[in-house]
Amino acid sequence: MTDDRTLPTSKRPETVDLAASFEQSGVREILAELDDSMIGLAPVKQRIKETAALLLVDKARRQMGLATETPTLHMSFTGNPGTGKTTVALKMADLLRRLGYVRKGHLVTVTRDDLVGQYIGHTAPKTKEVLKKAMGGVLFIDEAYYLYRPENERDYGQEAIEILLQVMENNRDDLVVILAGYGDRMDRFFEANPGFRSRIAHHIEFPDYSDDELFDISEIMLNEQNYAFDPAAREAMAEYVSLRRDQSHFANARSIRNALDRARLRQANRLFNEAGGPVDAKMLSTITEADLRVSRVFQGGLDSDSKDQARQSAQRGAQ
């Protein structure tokens, strides 16, 4: 990160054009991409805009010799799965790079398994290797609360936490750490680890998507793969969203993506079984009501991704 405080006083500008800095930095482009590519999340987008404004002002203060230290940029993203936390982290990494707060702007995404070893002497090398890869960018730790296992006296998560805290303090001009997970669990994690709370400056809560937003997301996802619903399938998908939300382990956009993957699988099998001759582009690209209605969700059963997530949660809890 360039430090304008080293400039002689005589070479420092007397005024700074914030609007010009906004345009030249590329921040407008990133914020526009965030608005265009992500449905909903109004409070999240507002917090990102506020953070961008803070950094632009900080950069102006540096140019005029007013700033004294790098602002703390470590963050906490809380919310349910599938609410866009990783996608926003990618945008944040790009924003920080364009404003000169990180060198590379890459995102390294990890979980407990990437940081914590299974025997003595294993954790420190794993954690340090991850931090080495993340330097100059953003380290995104998903389900960060799994690092702390007070019920297990032989758990090595505390060693990883101590290394992370040290690096977050000493290398904050070259690394931004984002901790992510469920809101209530992250609250308990911060209570048990006050060192993290004191180093996190920005807490951003990601709301669940509404039914209408999830339906819009489903159409965008299909369109990106050159598929579309027919009229009856649109109604079925809207009903699916409402029913699936009431099931356990609902994961917002992630559950919708999984449902569409299965619908495409059923569509392919339907075409093979029913097509008596050549098929055209429209047939290959249309999801019908039949491709959706066979889902167990409509019969009151658990969908496949719900079962998979239940198994994954049980496995993480046992580790």
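At roughly what angle do the axes of helix 6 and helix 7 cross, and within what distance do they come? Keep that in mind while we get oriented.

**Before you start**

This is a predicted model, in which local features need pLDDT of at least 70, side-chain atom pairs count only at pLDDT 80 or more, and totals for chains, interfaces and linings use all residues. Residues are numbered from 1 along each chain as its sequence is written, and side-chain values use heavy atoms, with hydrogens and water left out.

Colour the chain by pLDDT, the predictor's confidence in each residue on a scale from 0 to 100. The average for the protein chain is 89, and 90% of the residues score at least 70. Now select residues 314–319, where the pLDDT is below 50. Beyond near neighbours in sequence, this stretch has 5 contacts in the model, a contact being heavy atoms within 4.5 Å. Where pLDDT is low, the predicted coordinates should not be read in detail.

Switch to a cartoon view. Of the 319 residues, 45% are buried, where buried means under 20% relative accessible area, exposed over 50%, and partly exposed in between (1.4 Å probe, protein chains only). Taking contacts between residues at least 6 apart in sequence, 76% join residues at least 24 apart.

**Stop 1: helices 6 and 7**

Select residues 123–134 for helix 6 and 157–170 for helix 7. Here is the answer to the opening question: their axes come within 9 Å and cross at roughly 35 degrees. The axes are lines fitted to C-alpha atoms, for helices over the stretch in contact, and angles run from 0 to 180 degrees between N-to-C directions. The crossing of helix 6 with helix 7 is right-handed, as the near helix is turned clockwise from the far one by less than a right angle.

Show the side chains next. Helix 6 brings Thr123, Ala124, Thr127, Lys128 and Leu131 to the contact, and helix 7 brings Glu159, Ala160, Ile163, Leu164 and Val167. Sorted by class, this contact of helix 6 with helix 7 has 6 nonpolar, 2 polar and 2 charged residues. In this sorting Ala, Val, Leu, Ile, Met, Phe, Trp, Tyr, Cys and Pro count as nonpolar, Asp, Glu, Lys and Arg as charged, and the others, Gly among them, as polar.

**Stop 2: the nonpolar cores**

Select Ile48, Phe77, Leu95, Leu96, Phe229 and Met237, the residues with the most contacts inside the largest nonpolar core, which has 54 residues. A nonpolar core is a set of buried Ala, Val, Leu, Ile, Met, Phe, Trp, Tyr and Cys residues joined through side-chain atoms within 4.5 Å. Helix 4 (residues 85–98) gives the most to this core, with 6 residues. Apart from it lies another core, of 31 residues, with Ala144, Leu165, Val167 and Met168 among them.

Centre on Ile48. Leaving aside neighbours within four places in sequence, Ile48 is in contact with Leu31, Leu34, Val88, Met92, Leu95 and Ile204.

**Stop 3: Met38**

Move to the loop between helix 2 (27–37) and helix 3 (42–63), where Met38 lies. Is Met38 buried or exposed? Met38 counts as buried, at 8% relative accessibility. Outside four places in sequence, Met38 is in contact with Glu33, Lys45, Gly84, Thr87, Val88 and Tyr209.

**Stop 4: two asparagines with positive phi**

Asn226 sits in the loop between helix 10 (211–224) and strand 6 (228–229). Asn226 has a positive phi of about 60 degrees although it is not a glycine, and this residue is exposed, with a relative accessible area of 61%.

Now jump to Asn252, found in helix 12 (residues 252–274). Its phi is also positive, about 50 degrees, although Asn252 is not a glycine. Asn252 is buried, with a relative accessible area of 0%.

**Stop 5: Thr288**

Finish in the loop between strand 7 (286–287) and helix 14 (289–293), where you will find Thr288. Thr288 is buried at 16% relative accessibility and touches Asp230, Ala233 and Arg270, not counting residues up to four places away in sequence.

Conventions. Helices (H or I, at least four residues) and strands (E, at least two) are DSSP runs, numbered from the N terminus.
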